[in-house]
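Here is a short briefing on one protein chain, meant for reading beside the structure. Keep the sequence and the 3D view open as you go.

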Amino acid sequence: MKKHNFSAGPCILPQEVFQEASQAVLDFNNSGLSILEISHRSKDFVNVMEEARSLSLELLGLKDKGYQALFLQGGASMEFLMVAYNLLEKKAAYLNTGTWAAKALKEAKLFGEVDVIASSEDKGFNYIPKNYKVPTDADYFHCTSNNTIYGTQMKKFPTSSIPLVCDMSSDIFSRQLDFSKFDLIYAGAQKNMGPAGTTLVIIKDGLLGKVSRKIPSMLDYKQHLDKDSMFNTPSVFPVYVSMLTLRWLKALGGIEVIEKENQKKATLLYSEIDINPLFKGYTAQEDRSIMNATFNLTNDSLKEEFDKMCKEAGINGINGHRSVGGYRASMYNALPLESVEVLVDVMSDLERKA
Ligand code: PMP
C-alpha cells in the first residue's frame, strides 16, 4: 500500500515524477543509455541543466529579471558558509529563528562580525520575531523563510537597503512572494523540488565581487556562474528529477495554483488541531507554516494508541524532530489533500475513542 508520506525531507515527490525518473534510469530519452551512465557534458544533460535553471527562475517570476540560477552540491548547509564566504566583508545581520538559522550564523562568524538582530530562542523558536530593525551598515541580511523543525514561517520580509539573503529550503515554490525583493535565495532540493543531492541557488546580477578575500574555486559563486553551473560534475540525477518536478509544477499552473492547494491542506489540519481537545499546536497562530505543522498530544498517555492508529492508516513520517518531540506533519507540494484528510480522520477518531 502506498503510504501517506508526511516526512520532513527527503519527502514525497509527485508520483508522475517517480515514474518518469525510473524510466530514465532504464533508458533516457530513448537513447539506449541510462541517465546514470551519460556524460554530464552530453547535449542531453546540458539541456536538462539549462531547463532546470530556466524553469526555477520562471516559476519564481525571475526570468529575464537579472537573476541566475545554479544547481550546486553540499546541501543547504554548504550555502551557510558560501553565502558568508562570498558576501561577508565586515559584518552581516542574521535573524535567528531556529536550528538552521543558528547553523547559518555560526558559519558566518568564521568570516566576520555577525549581528543577530532578533531571535525567538526565548520561547523554543515557536514564533517569528517582529519589529526588528535591519541595520543599514551590514553587508547583507540573512533569514530563513520557513523553519522546518518548529513549523514557523515568515509571512513578511523586511524591506531594506542592504542585500536580502534567504534560506528557502523548506518552502520554495510553495507560495507566492515577491521574489525580486531577494538578492540571493538558496534551497536544498529535498523538499519541494527533488531528491537530496542538489541545492538551488539564485543570485541577483551585480551582487558578487564585493569581498576582498580570495575564494577557493568550488566555493566561489562566480566560478559556478561563469561555467553555467557545470564547474565540475553536477549531481546529474538529482538535477534531472528536480527538472521533472519543476515541469510538473509548471504544468499544474505554477506557484499560484499549488499555493491554493497548500492553503487547503494547512487549513484542514490546523482546524483539527484547534478544535480537537486532544491536540495542541506548537507555534504562535500567526506564524504557522503551511508546510510543516507541529503539534502535541494534550495527554501523553494517548501516544501509543495514536501512533498505532496512524500506522494502520498508512501514515508515515509525522514524528516531530528529535530536538522538539511531539508531531510534525509536513505537507509539501506533492502531498495530496487526501493524505491530510486521512490524518485528520485519525485525529478525530482518537477523540471519539478516548
Ligand atoms: N535549512 C533548512 C530550512 C532546512 O530545513 C534544512 C534541512 N532540512 C537545511 C537548511 C539543511 O539542509 P541540508 O541537509 O541540505 O544541508
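This is a predicted model: local features need pLDDT of at least 70, side-chain atom pairs count only at pLDDT 80 or more; totals for chains, interfaces and linings use all residues.

UniProt, in an unreviewed entry, lists Lys191 as "modified residue: N6-(pyridoxal phosphate)lysine".

**Lys191**
- Lys191 sits in a loop, with strand S9 (184-188) on one side and strand S10 (199-204) on the other.
- Is Lys191 buried or exposed? Lys191 is buried, because it has 31 C-beta neighbours inside 10 Å and the cut-off for buried is 20 or more.
- Setting aside neighbours within four places in sequence, the contacts of Lys191 are Gly9, Cys11, Ser169, Ser170 and Tyr332.

**Ligand shell**
- Which residues surround the ligand? They are Gly9, Gly75, Ala76, Ser77, Trp100, Thr144, Thr148, Asp167, Ser169, Ser170 and Gly188.
- Gly9, Ser169 and Ser170 belong to this shell and are also contacts of Lys191.
- Helix H3 (residues 75-87) is the top contributor to the shell, with three residues.
- By class, the shell has eight polar residues, two nonpolar and one charged.

**Domains and their contact**
- UniProt also lists residues 5-343 as "domain: Aminotransferase class V", again in an unreviewed entry.
- That span is 33% helix and 17% strand. Its end C-alpha atoms are 11 Å apart.
- In the contact between them, 23 residues of domain 1 meet 24 residues of domain 2.
- On the domain 1 side, strand S7 (152-153) and helix H6 (236-252) each provide at least two residues.
- H6 gives the most to that side, with three residues.
- The domain 1 side comprises 11 polar, eight nonpolar and four charged residues.

**Nonpolar core**
- In soluble globular proteins, nonpolar side chains tend to be buried together.
- The largest nonpolar core here holds 94 residues. Ala92, Tyr94, Ala108, Leu200 and Tyr240 have the most contacts inside it.
- Which helix gives the most to this core? H6 does, with eight residues.
- Both domain 1 (15-252) and domain 2 (254-353) supply at least three residues to this core.
- Tyr240 touches Ala21, Ala24, Ile35 and Val48, leaving aside neighbours within four places in sequence.

**Two buried loop residues**
- Pro234 lies in the loop between helix H5 (221-226) and H6.
- Pro234 counts as buried because 23 C-beta neighbours fall inside 10 Å.
- Beyond neighbours within four places in sequence, Pro234 contacts His40, Met49, Phe71, Ser229 and Val239.
- Pro234 and Ala354 are 120 residues apart along the chain, and their C-alpha atoms are separated by 53 Å.
- Phe6 is in the loop that runs between strand S1 (4-5) and helix H1 (15-26).
- Why does Phe6 count as buried? It has 26 other C-beta atoms within 10 Å.
- Phe6 and Ala329 are 323 residues apart along the chain, yet their C-alpha atoms are separated by 5.2 Å.
- Ala329 is also one of the contacts of Phe6, along with Ile315, Asn316, Gly317, Ile318 and Ser330, once neighbours within four places in sequence are left out.

Key
Residues are numbered from 1 along each chain as its sequence is written. UniProt positions are given in the numbering used here, feature names are shortened, and annotations may be inferred rather than shown by experiment. Helices (H or I, at least four residues) and strands (E, at least two) are DSSP runs, numbered from the N terminus. A residue is buried if 20 or more other C-beta atoms lie within 10 Å of its own, exposed if 12 or fewer, and partly exposed in between; C-beta atoms are placed from the backbone. Two residues are in contact if their C-beta atoms, placed from the backbone, lie within 7 Å. A residue is near a molecule or strand if its C-beta atom, placed from the backbone, lies within 6 Å of it. Ala, Val, Leu, Ile, Met, Phe, Trp, Tyr, Cys and Pro count as nonpolar, Asp, Glu, Lys and Arg as charged, and the others, Gly among them, as polar. A nonpolar core is a set of buried Ala, Val, Leu, Ile, Met, Phe, Trp, Tyr and Cys residues joined through C-beta atoms within 7 Å. Domain bounds come from an automatic or database domain assignment.
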